[in-house]
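The structure it refers to is shown here.

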Amino acid sequence: MEDLQVRVRRPGRDRPPRHLADLDAAERRAAVLDLGQPAYRADQLSRHYFGRLTESPAEMTDLPSAVRQTLVQALLPQLLTAERELTCDQGLTRKTAWRSADGSYLESVLMRYPGRVTICVSSQAGCGMACPFCATGQAGLTRSLSTAEIVTQVVAGARALAQGAVVGGPGRVSNVVFMGMGEPLANYASVVGAVRRLTDPVPDGLGISQRALTVSTVGLVPAIKKLAREKLSVRLAVSLHAPDDELRDELVPVNRRWKVAEVLDAAWGYAAATGRRVSIEYAMIRDVNDQSWRADALARLLAGRLAHVNLIPLNPTPGSRWTASEPQVAAEFEARLAGRGIPVSVRDTRGSEIDGACGQLAAASRADSRRRRGSELDGSSPRAAKVGLLGG
């Protein structure tokens with residue numbers, strides 16, 4: 001038992017192993033050369049991962065059998081394990097709770113619509129922004145994800161689609177939104193790296209259009225300005241949730257550092273640099289931020305700007321005092337914005353049947369893991385050694 005306790009890994013303490021998706025094309029070739037193989041093996045390996053969507057050495061028949069396992073172990077290690085998968089919307093929505101190599105938990109959601117498939121990915125395990133109405137924010141931050149851990153979420157969805165494992169037949173990922181667990185711009189280098197891997201053409205990446213990617217933020221002003229200088233064409237989404245500093249200080253605590261005016265100024269700078277319309281995310285919270293006067297205040301802030309408001313019916317977490325606005329109140333809020341010429345829409349509420357709010361499924365998986373670990377360490381579980389050694 002003493003040996004078991006020593007070997008159990010705690011979330012966030014181990015760096016994920018290096019993966020092909022962490023590296024650009026030149027770095028992959030250098031890594032392959034270090035393994036004593038010709039540089040072109042890196043392109044072959046990349047084509048299998050990003051083009052053919054396989055990590056199985058047996059399927060890599062263009063690689064010499066003697067080196068396949070070595071290359072895969074060195075550059076395609078397993079980073080995430082699907083701990084739990086739930087579906088709803090007649091199978092068109094699939095939510096996955098992932099466990100990383102160090103036992104951290106995160107989520108992704110695949111959503112199939114007529115003519116497109118969107119994957120919502122996590123950029124961190126947990127979140128340090130502490131927004132009180134968000135399950136992830138209340139759980140706190142475990143750690144930031146690596147570029148490859150972010151990319152893996154998309155590749156896994158792309159693989160499921162290509163294999164016809166999602167209702168609707170074979171397909172491909174058309175859109176990626178960084179709106180899962182975590183604050184993307186608090187993990188800036190990994191997120192920008194993931195954007196480049198997802199949008200570089202095969203074999204360097206997945207070949208998704210940059211314009212089909214959306215990066216969200218609660219308003220980290222210096223990072224927004226830095227992103228504007230990257231010369232990317234991804235869409236920026238600002239989680240505003242209130243037009244006034246008094247309320248936003250409570251709903252989005254980072255507002256105490258960068259106020260509404262500063263956040264929006266940075267957003268307009270991003271729009272000017274990229275030509276992309278900014279998405280203003282606004283969770284509709286009953287009797288908190290859904291008053292008509294706040295709709296009018298928001299309209300004044302956005303008048304004449306390259307922006308679109310995305311109203312989000314809040315998906316409450318169990319036991320939370322925060323809940324969704326009444327439908328008629330939300331409709332009035334939407335109408336007041338539209339009546340003042342502000343482009344506005346209401347987000348489709350996918351996943352409400354499957355712990356749909358961000359962080360809920362990962363939290364449930366994490367709790368299950370802790371219960372298992374407790375029973376394993378006191379000897380009540382026959383699976384103690386296996387699960388304990390995995391750090392689950």
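This is a predicted model: local features need pLDDT of at least 70, side-chain atom pairs count only at pLDDT 80 or more; totals for chains, interfaces and linings use all residues.

**Ser279**

Ser279 lies in strand 10, which spans residues 278-284. With a relative accessible area of 8%, Ser279 falls under the 20% cut-off and is therefore buried. Its side chain forms a polar contact of 2.5 Å with the side chain of Glu281. Leaving aside residues up to four places away in sequence, Ser279 touches Arg235, Leu236, Ala237, Val238, His308 and Asn310.

**Helix packing**

Two packed helices are described by the angle between their axes and the distance between the axes. The table gives these values for two pairs.

| Pair | Angle | Axis distance |
|---|---|---|
| Helix 11 (residues 292-302) and helix 12 (residues 327-339) | about 30° | 9 Å |
| Helix 8 (residues 221-228) and helix 10 (residues 260-274) | roughly 5° | within 9 Å |

Angles under 35 degrees count as roughly parallel, so helix 11 and helix 12 are roughly parallel to each other. Their crossing is right-handed. Helix 11 contributes Ser292, Arg294, Ala295, Asp296, Leu298 and Ala299 to the contact, and helix 12 contributes Glu332, Phe333, Arg336 and Leu337. Five of the residues in this contact are nonpolar, one is polar and four are charged.

Helix 8 and helix 10 are likewise roughly parallel to each other. On the helix 8 side the contact is made by Val221, Ile224, Lys225, Leu227 and Ala228, and on the helix 10 side by Glu262, Val263, Ala266, Ala267, Tyr270 and Ala273. This contact of helix 8 with helix 10 holds nine nonpolar residues, no polar ones and two charged ones.

Terms used:
Residues are numbered from 1 along each chain as its sequence is written. Side-chain values use heavy atoms; hydrogens and water are left out. Helices (H or I, at least four residues) and strands (E, at least two) are DSSP runs, numbered from the N terminus. Buried means under 20% relative accessible area, exposed over 50%, partly exposed in between (1.4 Å probe, protein chains only). A polar contact is a pair of N or O atoms within 3.5 Å; within protein, one must be able to donate a hydrogen and the other to accept it, and residues adjacent in sequence count only if both atoms are side-chain atoms. Contact means heavy atoms within 4.5 Å. Axes are lines fitted to C-alpha atoms, for helices over the stretch in contact, and angles run from 0 to 180 degrees between N-to-C directions. Angles under 35 degrees count as roughly parallel, over 145 as roughly antiparallel, 65 to 115 as roughly perpendicular and the rest as oblique. A crossing is left-handed if the near helix is turned anticlockwise from the far one by less than a right angle, and right-handed if clockwise. Ala, Val, Leu, Ile, Met, Phe, Trp, Tyr, Cys and Pro count as nonpolar, Asp, Glu, Lys and Arg as charged, and the others, Gly among them, as polar.
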